[in-house]
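Hello,

Here is the structure I promised to pass on. Please have a look, and then read my notes below.

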Amino acid sequence: MKHRSRHIIAAVAVTAAAALTLAGCSGGGSSTAFQSTAPSSLSGTVSFWHFFSDREAKAIQSVVDDFEKKYPKIKVEVHSGQDDEKLRKAIATGSKVDVGASYSTDIVGNFCSTGAFRSLNNVIERDKVDMSQFSPTVKSYTEYKGNRCSMPMLADVYGLFYNKDLLSAAGFSAPRRRCPNSRRWPTS
């Protein structure tokens with residue numbers, strides 16, 4: 001289930017990113033030029049840079065393979081294992097970066113404000129992307145000052161499952177909880 005969930009999230013992310021940024025997110029040029037030249041019919045080659053490696057890179061590649069089967073006019077050049085610094089340097093030096101996946105939410109402001117990632121607002125509106133499918137929290141950290149220059153890619157959900165009978169037999173009425181604003185677990 002976890003693998004399937006990540007596969008679906010990755011599929012949505014790669015498809016949305018490729019569809020929204022085929023014209024390029026690399027540095028240079030104005031965002032207006034990008035928006036006016038972004039194709040509504042997709043064809044060509046997309047350079048996709050992401051930070052995943054090993055098993056996760058294979059999962060991303062399988063999604064890219066599925067994407068290319070669905071859209072045979074599009075070829076995706078995958079550059080895996082690219083961290084934010086490598087992505088920033090590639091954009092700054094004019095390397096072809098059409099779609100970039102960042103692992104950090106706090107870099108969005110920098111990428112947006114410098115033009116490294118271009119505004120997707122008009123393209124999202126033109127293509128009628130339903131942004132209500134994303135939670136307000138996720139939407140808030142993938143935009144900067146009302147400028148949506150990135151799309152959500154991952155949303156992890158954590159949960160704790162436990163056997164109440166076994167917990168009670170061990171002398172606990174509920175699982176231990178971390179103290180608010182503390183990295184330490186309570187001792188009592």
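**Glu68 and its surroundings**

Setting aside neighbours within four places in sequence, Glu68 is in contact with Ile74, Lys75 and Val76. Keep in mind that this is a predicted model. Glu68 lies in helix H3. Is Glu68 buried or exposed? Its relative accessibility is 18%, under the 20% cut-off, so Glu68 counts as buried. One of its contacts has a polar side to it. A polar atom of the Glu68 side chain lies 2.6 Å from the backbone nitrogen of Val76.

**The strands around H3**

Helix H3 covers residues 54-70, and together with S1 and S2 it makes a β-α-β unit. The unit is right-handed. S1 (residues 44-49) pairs with S2 (residues 74-79) in the parallel sense, over six bridges. S1 also pairs with S3 (residues 99-100), again in the parallel sense, over two bridges. In S2, Val78 stands opposite Phe48. In S3, the residue opposite Phe48 is Val99.

**The disulfide**

How many disulfides does the model have? The count comes to one. It joins Cys112 to Cys149, with an S to S distance of 1.5 Å. The angle about the S-S bond is -65°, and the link is left-handed. Cys112 and Cys149 are both buried.

**Aromatic pairs**

Searching the whole structure gives four aromatic pairs. One of them is formed by Phe67 and Tyr71. Their centres are 4.9 Å apart, with 40° between the planes. Phe67 has 4% relative accessibility, so Phe67 counts as buried. Tyr71 has a relative accessible area of 28%, which means that Tyr71 is partly exposed. Elsewhere on the list is a cluster. Which residues form it? Phe51, Phe52 and Tyr103 make up one aromatic cluster.

Over to you.

Best wishes

Definitions and conventions:
Residues are numbered from 1 along each chain as its sequence is written. This is a predicted model: local features need pLDDT of at least 70, side-chain atom pairs count only at pLDDT 80 or more; totals for chains, interfaces and linings use all residues. Side-chain values use heavy atoms; hydrogens and water are left out. Two strands pair if DSSP finds at least two bridges between them. Helices (H or I, at least four residues) and strands (E, at least two) are DSSP runs, numbered from the N terminus. A crossover is right-handed if, with the strands pointing away from the viewer, the path from the first strand over the helix to the second runs clockwise. Buried means under 20% relative accessible area, exposed over 50%, partly exposed in between (1.4 Å probe, protein chains only). A polar contact is a pair of N or O atoms within 3.5 Å; within protein, one must be able to donate a hydrogen and the other to accept it, and residues adjacent in sequence count only if both atoms are side-chain atoms. Contact means heavy atoms within 4.5 Å. A disulfide is a pair of cysteine sulfur atoms within 2.5 Å. Rings of Phe, Tyr and Trp (its six-membered ring) pair if their centres lie within 6.5 Å; planes under 30 degrees apart count as stacked, over 60 as edge-to-face and the rest as tilted.
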